[in-house]
Amino acid sequence: MEAIKSRVLVVDDLVDNIDILKEILKDHYDVLIAKNGKMALKIIDSQMPDIVLLDIMMPDINGYEVCQQIKGSSVTKHIPVIFITAMTTIEDEQKAFAAGAVDYITKPITPLTTLARVANHLALANQDKQNRRIIAKRTAQLNESLISAVNMISEAGTYNDEVTGEHMWRMADYSAVLARAVGWSEEKVETLRLAAPMHDTGKIGIPDSILKAPRKLTTEEWELMKQHPIIGANILGKSQAPLFQLAAEISLGHHEKWNGSGYPNELKGDDIPLSARIVAIADVFDALTMERPYKKAWTIEEAYQFMRENAGIHFDPELVERFISQDEEIKAVKQKWHAAGK
């Protein structure tokens, strides 16, 4: 089977220069031609060459600008660019490398040098492409392992509650909506989405007789129950990974209240980490709007009213209003889980 030839795009406004390069390259590569920068960018978008040989001095868009546009796109930034030009000053060469070029060949063109440089940079680009594929595959595997670990930890914390397994992922989505609304970056929002379901990890350290007690807890039992945020923070905080550090912060703070009446540390107002204040709202909202064996599901409007009534007492009042203002997104999350049968 005949090997597929690499595509080389030659960009030059002078026909003679194009003919010289085409003659050098045609027996080894599939040669594409562009007589100006605009044409070059169109060919790159439609045919994705493996390497670009680029003149500097051209009408409309010069070579530096073409190179910058190639390197400025996530789709084309890995295409190697070699400048082939009559401009020979150090400043010209420095400007070419600053624009993103991998090499700089000065005219007059010599066949052996041109072929050697093109072959070398194609080999390097192919190796880079292979490395990126390996990294992408390993990253995907690590992400899958991480999500599996989060699932296991989260389910361990809710093992004795047949309902909250679904609740923890819904409230994670609500947490993400609120975090995005307050201006968190998408990366941090996604970290929160993974960290939030682990907020009750500490319940693994609370006896079943307390977790499943069909009665009001005694004072001693309640004091023990109030230790679960600390237990969870101690477990999750053993990792220095940002995800688990955030999860530990949320675990420790999600039962604190805005007015200082929460537990375990009776933190007040802004002393409660923002992540924990966000999760507290999402956690209660989902608990109110889900059906449990002992209660019917509240409507979204009833839950909003409850949260408004408890703003400044249980919840950060500014976050409550910000959460409610995301009504469309909140309803979309609820609908997504309803459609999934959960």
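A cavity is here a set of grid points where a 1.4 Å probe fits but cannot get out. In this predicted model, one cavity of 30 Å³ or more is present. The volume of the largest cavity comes to about 50 Å³. Its lining is formed by Glu256, Lys257 and Trp258, by Ile272, Arg277, Ala280 and Ile281, and by His314, Phe315 and Asp316. Classified by side chain, five of these lining residues are nonpolar, one is polar and four are charged.

The packing of two helices was also examined. Helix α11 comprises residues 242-253 and helix α12 comprises residues 274-289. The two helices pack at an angle of about 60 degrees, and their axes lie 8 Å apart. The crossing of α11 past α12 is right-handed. On the α11 side, the contact involves Leu246, Glu249, Ile250 and Gly253, which meet Ser275, Ala276 and Val279 of α12. By class, this contact between α11 and α12 contains four nonpolar residues, two polar residues and one charged residue.

At the level of the whole chain, the secondary structure consists of 15 helices and five strands. The radius of gyration of the chain is 30 Å, whereas a value near 20 Å would apply to a compact globule of 342 residues. The C-alpha trace extends over about 90 × 40 × 40 Å along the principal axes of the chain.

Note on methods: Residues are numbered from 1 along each chain as its sequence is written. This is a predicted model: local features need pLDDT of at least 70, side-chain atom pairs count only at pLDDT 80 or more; totals for chains, interfaces and linings use all residues. Side-chain values use heavy atoms; hydrogens and water are left out. On a 1 Å grid over the protein atoms alone, a cavity is a set of points where a 1.4 Å probe fits but cannot get out, and a pocket is an open set with protein on both sides within 12 Å along at least five of seven lines; lining residues have an atom within 4 Å of a point. Grid points are joined across faces, edges and corners, and a volume is the space filled by probe spheres set on the points. Ala, Val, Leu, Ile, Met, Phe, Trp, Tyr, Cys and Pro count as nonpolar, Asp, Glu, Lys and Arg as charged, and the others, Gly among them, as polar. Axes are lines fitted to C-alpha atoms, for helices over the stretch in contact, and angles run from 0 to 180 degrees between N-to-C directions. Helices (H or I, at least four residues) and strands (E, at least two) are DSSP runs, numbered from the N terminus. A crossing is left-handed if the near helix is turned anticlockwise from the far one by less than a right angle, and right-handed if clockwise. Contact means heavy atoms within 4.5 Å. The radius of gyration is taken over C-alpha atoms; the globule rule is 2.2 Å times the number of residues to the power 0.38.
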